[in-house]
Structure formats: structure tokens, C-alpha cells
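Here is a friendly walk through one chain, to be read with the model open beside you.

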Amino acid sequence: MYIVFLGAPGAGKGTQAALVARTLKLAHLATGDLFREVQQKDTELARLVKTYMEDGKLVPDEITIRMVSERISGPECQSGVILDGFPRNVRQAEALDKALAELGKAVDKAVYIKVSDRDLLARLGGRWICRKCQAPYHAITAPPKSPGKCDRCGGELFQRADDTPETVKRRLDVYFTETAPLIDYYERSGKLIEVNGEGSIESVERRIMGALSRTVTRPV
Ligand code: AMP
């Protein structure tokens, strides 16, 4: 099963994609995490990716599409994938359809997590991430048990360089101009599931799992 997760930065896409991937035992492919990994290396590509990410802009499609196409045809993705942060524009969505068609597969559903603009800004401001396992926390809505330390693995928590106010604004602009049109793209093909992303992490996950069980013909 191939499920795309859509939603603005701060909508809880990454958190929910990881939970649903674990429940459905599917691979979780998060392009933001892949790019953060790439950035750790001392390569030309790492430097290039860093300039885009720090500015809150999309990494060029050629790089992103190649990276995702390679991963998706790999052995860990054979029974399906939860795609988190990809596609981010219509060109990427078309490339994904093409890459999956070459494997005899297709996107089954696109889960759109909807959150009000006011909530998005509040959530992005207090976001902390584990350096080791990428688990997300929030100073107010999901604080760690000990300050600065990950509950799951004990790793150090840090704030992403692209969570500064100016970059957050640019990322939201990019989302509304480039990524939001994907809501129509998947609606037109009858694959869109819209879920209210407000409330606790558990209640949003329950809504997503409920909606998937009602709409996916294969058992989930
Ligand atoms: P995320 O962790 O999904 O918020 O992504 C963080 C940053 O990684 C984005 O602001 C982009 O710079 C880059 N990125 C992640 N996914 C994509 C994508 N599908 N296309 C282009 N850039 C991406």
C-alpha cells in the first residue's frame, strides 16, 4: 500500500506518518529526514541541499525525484510506503505516479492533515527534534519528560535551523503556492482523505486509521 501524507509544515505530518507506518508495518519515507542525513556529509550535494533547506525553499525536483525513485524501488519499500514530505508539488506527484507505474503500483490514498493557520504558527514556534532518532517534541503540547532529552532514546533535542520565524514564513509560503495544489490533484483522482489535525496526537492517529479502514479496499 502506498500512502501519501499531505499537510502544511507543523500539521503533524511527520509524527502521524511515523505512527501509521508502524501500525501498518510499512516503510516510512520522509524526504526532510533524508535531506537532513545528506547534509551531515561533507559533499557538494550536502552543501547544495543545506542552502535550500536553510532558506525554507524546496530542494530542486531533479535531486528529490531521483532520491525518492531510488528508495522506492529498494527492497524495504516492496510491500508499500508511507510517503512523508513527498510529493511537494505537482511535478513531483506526476513523477511519483510514473515511478510507481513502472513497478506496477500506484498511490492508494493521500491523507491530508488539516490544521488552522493559527495553530500551525504556534506549533512551529515551539518545535524540538531528537538529534538521534528524529522524534518530534513541542515545548507546550508535547514536552519531553526531562528537558532537552529524548524520551525514547535519550538523545539530545535541538531546534531545526529552518524553524526560525523568517524561514517558517517562507516554508508556509512555499507550502501554500506549491504543495497545497496537491490537495486538488489527489481529490480529482478520488484518493484524498481529509482529516482534522487538531487535538491530541492519539486522537488524530485514531481519525486517520479510522478513515483509512473505511476507504481502503484492501485490509489495513
Ligand atoms: P520537512 O522535514 O518535510 O519539513 O522538510 C524540510 C526541508 O527539506 C524542506 O523545507 C525542503 O527544503 C526540503 N524538502 C523536504 N522534502 C522535499 C521535497 N519533496 N521536495 C523538495 N524539498 C524537500
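## A buried lysine

Lys109 is buried and yet forms no salt bridge: the nearest side chain of opposite charge, that of Asp108, is 8.1 Å away. Please keep in mind that this is a predicted model. Lys109 sits in strand 4, which covers residues 109–114. What surrounds it? Apart from neighbours within four places in sequence, Lys109 is in contact with Tyr2, Ile3 and Val4, with Gly190, Lys191 and Ile193, and with Leu212, Thr215 and Val216.

## Salt bridges

Although Lys109 has no salt bridge, a search of the whole structure finds 15 of them.

| Glu44 | Arg47 | 3.6 Å |

Take the pair of Arg171 and Asp163 to begin with. Both residues are buried. Salt bridges with shared partners join Arg127, Arg160, Asp162, Asp163 and Arg171 into one network.

Glu156 is partly exposed, with a relative accessible area of 47%. Arg131 also counts as partly exposed, at 47% relative accessibility.

Glu44 and Arg47, in contrast, are a local pair within helix 3: they are 3 residues apart, so about one helical turn separates them. Glu44 is exposed, with a relative accessible area of 61%, while Arg47 is partly exposed at 42%.

## The buried face of helix 3

Which residues of helix 3 are buried? In this helix, residues 44–54, they are Ala46, Val49 and Met53. Viewed down the helix axis, the buried residues fall within an arc of 70 degrees, so they line one face of helix 3. Their cover includes helix 2 (31–39) and helix 7 (165–179). Just after helix 3, Gly56 takes a positive phi of about 75 degrees.

Strand 5, residues 127–130, pairs with strand 6 in the antiparallel sense over 3 bridges. Across this pairing, Trp128 stands opposite Tyr137 in strand 6.

## Aromatic pairs

How many aromatic pairs does a search of the whole structure find? The search finds 2. Tyr175 and Phe176 have ring centres 5.0 Å apart and planes at 75 degrees; planes over 60 degrees apart count as edge-to-face, so this pair is edge-to-face. Tyr175 is buried, at 6% relative accessibility, whereas Phe176 is partly exposed, at 41%.

Tyr185 and Tyr186 also form an edge-to-face pair, with 5.1 Å from centre to centre and 85 degrees between the planes. Here Tyr185 and Tyr186 are both buried.

## Backbone points to check

Most residues other than glycine have a negative phi, and most peptide bonds are trans. With that in mind, a few places in the backbone are worth a look.

The peptide bond from Phe86 to Pro87 is cis, with omega near 0 degrees. Pro87 is found in the loop between strand 3 (81–84) and helix 5 (90–102).

Lys25 is not a glycine, yet its phi is positive, near 55 degrees. Lys25 is placed in the loop between helix 1 (13–24) and strand 2 (27–30), and at 72% relative accessibility it counts as exposed.

Gln134, again not a glycine, has a positive phi of about 70 degrees. Its place is in the loop between strand 5 and strand 6, and Gln134 counts as partly exposed, at 28% relative accessibility.

Definitions and conventions. Residues numbered from 1 in each chain as written. Predicted model: local features only at pLDDT ≥ 70, side-chain atom pairs only at ≥ 80, totals over all residues. Heavy atoms only, no water. Buried < 20%, exposed > 50% of the residue type's maximum accessible area, 1.4 Å probe, protein only. Helix = DSSP H or I, 4+ residues; strand = E, 2+ residues; numbered from the N terminus. Arc of directions from axis to C-beta. Contact = heavy atoms within 4.5 Å. Pairing = 2+ DSSP bridges. Lys, Arg positive; Asp, Glu negative; His and termini not counted. Salt bridge = Lys/Arg side-chain N within 4 Å of Asp/Glu carboxyl O. Phe/Tyr/Trp six-rings, centres within 6.5 Å; stacked < 30°, edge-to-face > 60°.
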